Amino acid sequence: MGIKQPSPAIKPGIMPELPEVEATVEYLRERVEGKTITGASVSWPRTVSPSAPADFQRKILNARIHKLFRRGKYVGMELHGEARLFLFTHLRMSGSLDVVPTSFEVARHDRVCIDLNNGKSIRFNDTRKFGRMRVCVDPQDVVGHLGVEPLGSEFTPAALEELLSTRKGSIKPTLLNQSLIAGIGNIYVDEVLWKTKIHPLTSATSINPREIVALHKAIQATLQEAIEKLGTDFGDGVVDGGMYRPRVYGREGKPCSRCKCPIERIVVGQRGTHICPKCQKSPKKRAAS
Ligand SMILES: [Zn+2]
């Protein structure tokens, strides 16, 4: 594809979202697809729970990595061995998947190492230990709870309208709910709401048809742009090499690029939230206008 592939080292404390996970999948696809697993070691058992480490190792041993894919914020691998298996990784707060020569010393926070038949090893490094790797026969066991893929053909303005019409809460937590739409997190939800001039506390059911169309378009365009840029840029990137520059997220006190009003940080559903107080009318002002 001609783009520079990132080393998928995720900065601690910033949760990777759909674009960052997609960048990780691309990185792995080039390096491990078609390779066979020759061994695995687990140094933090909880990372692979509910499997016991020995079970985890036995299940994936000698399987061929048939296909890499993403579902929501999960990195998926379809494995072909005696049976078809799936290996799902959720990076959570600090996880990263790297491919290094097998001879490389195991790093302190490498929780799982998966050796391949090409002299390379997949290392799941996770400082804060919230990340998970799960092996399953039926992918529904791990990703069955997830809602629609926002870049998939099923995600239409009508689907978004239906989804919002049944929700009691405000728009931001609704868009973050993985069982409704899979893959959007705190960075991109703030970006999308700023783009569409919708305040995050606006009730989901009061979003009008014109706004629904705009919201749908902004969700797809923002995620697509961030995928092309390999994720978000926070100086050196969430994923190394990520070049997406947020318009509001993390820009507290800096001028809104539309109206120059300083970006504010508020808390919505316990999440730090970035808004332009002028462009994004509060629900009260919205009701009065
Ligand atoms: Zn503004």
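The chat below goes over a zinc site and some helix packing in a predicted model.

Student: What do I need to know about the model and the numbering?
Tutor: It is a predicted model, where local features need pLDDT of at least 70, side-chain atom pairs count only at pLDDT 80 or more, and totals for chains, interfaces and linings use all residues. Residues are numbered from 1 along each chain as its sequence is written, and side-chain values use heavy atoms, with hydrogens and water left out.

Student: Which protein donors does the zinc ion have?
Tutor: Cys256, Cys259, Cys276 and Cys279, each through SG, at 2.2 to 2.4 Å from the zinc ion. Donors are N, O and S atoms within 2.8 Å of the metal (3.2 Å for Na, K and Ca); water is not among the atoms, so sites may look incomplete.

Student: What is the geometry of the zinc site?
Tutor: Tetrahedral, with angles of 97 to 115° among the 4 donor atoms. Four donors get that label if all angles lie between 85 and 135 degrees. The ideal angle for four tetrahedral donors is 109.5 degrees.

Student: How are the donor residues spaced in sequence?
Tutor: As C-x2-C-x16-C-x2-C. Cysteine 259 and cysteine 279 link distant parts of the chain, 20 residues apart. Cysteine 259 is in the loop between helix 7 (209-228) and strand 9 (264-268), and cysteine 279 is in the loop between strand 10 (271-275) and helix 8 (283-288). Helices (H or I, at least four residues) and strands (E, at least two) are DSSP runs, numbered from the N terminus.

Student: Is cysteine 279 buried or exposed?
Tutor: Buried, at a relative accessible area of 14%. Cysteine 259, at 23%, counts as partly exposed. Buried means under 20% relative accessible area, exposed over 50%, partly exposed in between (1.4 Å probe, protein chains only).

Student: Switching to helices. At what angle do helix 6 and helix 7 pack?
Tutor: About 130°, with the axes of helix 6 (residues 186-195) and helix 7 lying 9 Å apart. Axes are lines fitted to C-alpha atoms, for helices over the stretch in contact, and angles run from 0 to 180 degrees between N-to-C directions.

Student: And helix 1 with helix 7, what angle there?
Tutor: About 35°, with axes 8 Å apart; helix 1 covers residues 18-32.

Student: Which residues of helix 1 meet helix 7?
Tutor: Leu18, Pro19 and Glu22, which meet Leu223, Ala226 and Ile227. Contact means heavy atoms within 4.5 Å.

Student: What does glutamate 22 touch?
Tutor: Arg70 and Ile227, leaving aside residues up to four places away in sequence. Glutamate 22 is buried, with a relative accessible area of 18%.

Definitions and conventions
Four donors count as tetrahedral if all angles lie between 85 and 135 degrees; four count as square planar and six as octahedral if opposite donors are over 155 degrees apart and all others between 65 and 115; anything else is irregular.
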